[in-house]
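Please read these points alongside the sequence and the model.

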Amino acid sequence: MNYRPSRRTRRLAITGAVVLALAGMNGPALYRFGSEQYHDYKINRPEYKAENGHWDFLDVPSEFRINTIHAALLHTGKVLLIAGSGNNQKNFDAKKFESVLWDPKTNTYKKIPTPKDMFCAGHTQLPDGKLLVAGGTKRYEKLEGDVTKAGGLMIVHNEDPDAPKTLPAGTIFTGKKNGKTYVSKDPVLVEKAKKIFDKRTGRFLRTEAGLGRIYVEAKVSGKKYESGTEDNYRVHGLSGADARNVYGIAQKLALDKKDFQGIKDAYEFDPVAEKYITVDPMNEARWYPTLTTLEDGKVLSLSGLDEIGQIVPGKDEIYDPVTKKWEYTGVIRKFPTYPAIFLMNNGKLFYSGSNAGYGPADEGREPGIWDLKTNKFKKIPGLSDPDMMETSATVRLPPAQDEKYMVIGGGGVGESEKSSEKSRLVDLKEPNPRFKDGDSLDEGTRYPSASLMPDDTVLITGGSSDYRGRGGSDILQARLYDAKTGKYRRVADPAVGRNYHSGSLLLPDGRVMIFGSDSLYSDKANTRPGVFEQRIEIYTPPYLFRDARPELTGGPKTIKRGGTATFKSAHAASLKDAKLMRPSAVTHVTDVDQRTVALEMKKTKDGISVTVPKNRALVPSGYYMLFVTDDQGTPSEGVWIEVP
């Protein structure tokens with residue numbers, strides 16, 4: 001019997017011959033084409049998604065695309081995206097400050113009037129569900145070569161013990177030795193002098209001058225107006241005793257690089273009214289500050305660059321959401337900028353060592369436990385690479401009751417090309433906590449994003465192996481970390497690289513959004529300036545590709561600490577656990593708000609009951625998402641609950 005190939009077989013044979021011929025002419029191009037087609041086919045297969053999840057781009061209309069640097073999930077379910085000037089000098093000069101409100105349910109967007117430049121501010125969730133935003137940008141940095149007028153820090157001294165002195169903007173200072181003149185850019189309050197007495201005898205010892213810090217600049221451009229060394233400066237416009245008591249002292253005032261300068265402004269964003277509300281400004285200007293909610297619902301603001309571009313000298317302060325006022329803590333404790341500082345279950349504070357960079361390389365960088373009341377700081381040893389904490393991410397592993405933390409990746413101080421692949425673990429419940437190395441990433445990673453997931457895994461994604469993605473070093477990988485096994489598992493890869501000015505946050509439906517990225521260069525050769533990444537990706541985890549997910553209905557909107565609430569669920573028989581998850585407020589891969597609190601759960605006739613722990617430090621007042629998880633590890637959608 002003669003075999004005659006079918007029409008389909010003949011067609012495939014002809015196609016194969018053509019493919020082989022093309023391959024001979026242009027093999028690499030065809031291979032790439034085939035590889036891309038196969039990759040797209042592979043990642044879109046249901047089996048692949050169920051195992052690894054899937055990434056999609058958020059379809060943001062062009063008029064709402066901004067340089068997202070800050071993001072916070074609000075109790076309305078919407079996400080506030082903040083750019084401020086977006087690390088764009090032209091926007092800053094034009095006073096173009098931007099915020100956008102995104103509704104994940106409807107995928108709709110709304111522009112929010114933004115009163116000041118919140119670029120590189122700090123933020124945290126408040127007990128009443130508003131978002132506190134404090135600090136931001138007063139002036140962009142000027143690199144050496146771009147500075148035309150000599151300037152720098154002037155420390156103004158006041159030796160009058162009876163009254164502080166206020167010097168207006170435009171105050172003139174003239175050096176007693178060098179004879180050069182400089183002008184202040186802003187007003188400054190100089191504290192009154194302090195009389196120092198012998199504590200034992202009460203005898204007067206001396207007067208300690210009150211101090212004020214101000215940025216000054218030469219009147220005229222040019223190198224000849226630089227000052228050479230430290231000098232005392234006469235303050236113009238003063239007479240009598242004030243002319244003797246008030247004077248300036250400055251080190252070299254030069255044409256070198258000038259850092260960013262911060263602002264004191266503070267706002268509460270109201271998720272219901274969808275607008276910023278002005279509150280009293282901070283006592284200190286801050287750029288790159290961290291805001292951490294305390295046990296009593298007040299907020300600690302610390303670190304940052306001040307109004308003259310220098311690290312705030314340890315003068316931390318606290319915001320009271322009731323009075324809308326700020327007060328100094330009364331203690332001095334220095335940290336580099338955006339320090340990762342978390343509220344512990346005993347009301348103390350844990351500093352992991354993660355930070356965003358500015359500040360001395362040898363001061364305030366060691367991790368430890370800080371008692372704010374006594375200002376005692378117990379250092380935690382064991383870091384195998386203590387000089388690689390900058391641009392690392394820190395996450396409080398689930399459940400928060402266990403008081404375990406993980407520090408991920410990071411790199412050397414400043415613009416270092418060094419990066420770390422390590423994950424360091426610490427258990428703060430141990431009598432003498434000590435860091436130890438955990439499972440490692442595949443390569444050194446600066447700027448990794450870490451989001452707690454409702455199935456108690458942690459999504460780790462993004463980052464770059466070099467400073468700000470230099471040399472095309474973005475890492476297009478994502479992993480889920482299992483806190484129970486201590487192991488990473490690779491999942492679907494994102495399409496976009498993320499480095500500096502990026503972050504991620506969990507949405508109420510269990511997906512994760514990742515935003516931002518601000519590469520120095522757009523090519524591997526480091527010849528073309530980078531462009532801010534405005535695209536937003538959404539990661540849909542494997543658990544959302546299963547047949548069904550549990551649901552909760554019928555419960556209360558408020559549960560007191562120590563209180564119990566009942567919810568209905570048709571899936572009660574399969575439910576295994578329940579938890580509260582605090583919504584994120586993230587910037588510069590720093591998110592000290594997110595935490596997962598395990599709840600006591602019991603089955604009822606047609607649902608479950610859950611009990612909230614009594615510990616106020618474990619469960620600070622505010623809004624949380626209540627998730628339940630079934631026996632397959634599939635979570636429900638988050639139900640918003642207020643804990644007053």
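1. A polar contact is a pair of N or O atoms within 3.5 Å; within protein, one must be able to donate a hydrogen and the other to accept it. The model is predicted, and the distances below are computed from it. By this rule the side chains of Ser621 and Arg561 are joined by a polar contact of 3.2 Å. Ser621 also makes a side-chain polar contact with Arg616, at 3.4 Å.

2. Where does Ser621 sit? Its place is in the loop between β45 (607-611) and β46 (622-630). Ser621 has a relative accessible area of 11%, and buried means under 20%, so Ser621 is buried.

3. Leaving out residues up to four places away in sequence, Ser621 touches Pro127, Arg561, Arg582, Arg616, Val643 and Pro644.

4. Turning to the rings, the count comes to 24 aromatic pairs. One of them is Phe350 with Tyr405, a tilted pair with 4.6 Å centre to centre and 45° between the planes. Phe350 lies in strand β27 (residues 349-351) and Tyr405 in strand β31 (residues 404-408), so the pair ties together parts that are 55 residues apart in sequence. Phe350 is buried at 0% relative accessibility, and Tyr405 is buried with a relative accessible area of 0%.

5. Which residues do ring pairs link into a cluster? The members are Phe92, Phe119, Tyr140, Phe260, Trp287, Tyr288, Tyr338 and Tyr358.

6. A charged side chain also belongs in this note: Arg139 lies over the face of Tyr215, at 5.0 Å from the ring centre.

Methods. Residues are numbered from 1 along each chain as its sequence is written. This is a predicted model: local features need pLDDT of at least 70, side-chain atom pairs count only at pLDDT 80 or more; totals for chains, interfaces and linings use all residues. Side-chain values use heavy atoms; hydrogens and water are left out. Helices (H or I, at least four residues) and strands (E, at least two) are DSSP runs, numbered from the N terminus. Buried means under 20% relative accessible area, exposed over 50%, partly exposed in between (1.4 Å probe, protein chains only). Contact means heavy atoms within 4.5 Å. Rings of Phe, Tyr and Trp (its six-membered ring) pair if their centres lie within 6.5 Å; planes under 30 degrees apart count as stacked, over 60 as edge-to-face and the rest as tilted. A charge sits over a ring if NZ of Lys or CZ of Arg is within 6 Å of the ring centre and within 35 degrees of the ring normal.
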